[in-house]
Amino acid sequence: MDKMSFSHHISQQYNEELWGILDNVMRMGGLVEQQLGDALVALVEGDNERGELVVTSDYKVNAFEVRLDEECTHVLARRQPAASDLRLIIAVVKTITDLERIGDEAERIARMALHLLEADRRRSPMEEVAALGELVKKMLHGALDAFARMDTEQAVKVAQEDIKADSQYEAIVRNLIQHMEDNPKSVSPIMDILWSVRSLERIGDRSRNICEYVIYFVLGKDVRHTSFEQMAAEATGDRR
């Protein structure tokens with residue numbers, strides 16, 4: 001993001017408030033990325049220490065959300081922003097809500113991971129689960145990068161990865177259901193894995209949401225509930 005594009009207010013303090021908010025969003029995003037990465041290691045590799053770390057540090061993500069909510073409320077009340085500044089605050093509020101929920105999903109994955117035995121992992125499609133995890137982790141990173149630079153082109157590319165994430169999720173679910181039908185005694189651990197991949201799918205959805213907020217801020221276009229083709233058309237200005 002070009003910092004000069006936000007340094008247009010007469011009040012230097014106002015400029016600093018906006019940049020402080022954006023800086024805290026990225027710090028929160030980095031923490032959530034770390035939570036997701038640790039949760040995946042706990043799930044796929046059975047690293048209980050990482051899993052416990054995610055569970056016990058979720059409060060840090062929540063604290064960021066509360067702090068940023070307060071900062072945004074302060075700007076709305078004191079500065080009464082209009083036009084692009086108002087869109088920025090709206091985009092931030094929506095983004096931090098999704099980041100907090102991604103943190104919740106990471107915590108859920110970590111809790112499920114702590115229930116699993118090594119034998120449960122060997123009998124499960126962990127390679128496919130790991131691939132989905134890497135995809136959604138990449139989506140989250142890409143969405144945060146698009147937000148940091150307010151890059152609509154990248155936002156569209158990352159959002160389109162949600163198609164792949166959904167496809168991988170559906171294939172894993174079919175595999176797990178078949179596994180439970182073939183091995184009724186494995187239902188409990190398989191359900192833990194099933195809930196974990198459901199959380200991964202939701203993280204992909206929320207990463208797409210962040211990309212939509214980037215497009216909303218930059219172009220003033222609400223692309224929620226539109227097709228990927230429509231989203232790309234809005235982002236590029238090609239509406240033929």
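Analyst: Let's start with C72: its sulfur is 19 Å from the closest cysteine sulfur, the one in C211, and that is too far for a bond. Seen from the other end, C211 has C72 as its closest cysteine partner, again at 19 Å between the sulfurs. A disulfide here means two cysteine sulfur atoms within 2.5 Å, and the structure has 0 of them. For background, a disulfide is a covalent bond joining the sulfur atoms of two cysteines.

Before going further, this is a predicted model: local features need pLDDT of at least 70, side-chain atom pairs count only at pLDDT 80 or more, and totals for chains, interfaces and linings use all residues. Residues are numbered from 1 along each chain as its sequence is written, and side-chain values use heavy atoms, with hydrogens and water left out.

Now, are the two cysteines buried or exposed? C72 is buried at 1% relative accessibility, and C211 is buried at 0%. (Buried is under 20% relative accessible area, exposed is over 50%, and partly exposed lies in between, using a 1.4 Å probe and protein chains only.)

As for the annotation, an unreviewed UniProt entry puts "domain: PhoU" at residues 25-112 and 131-214; such annotations may be inferred rather than shown by experiment. Residues 25-112 are 93% helix and 0% strand, with end C-alpha atoms 28 Å apart. Residues 131-214 are also 93% helix and 0% strand, and their end C-alpha atoms lie 26 Å apart. Helices are DSSP runs of H or I with at least four residues, and strands are E runs of at least two, numbered from the N terminus.
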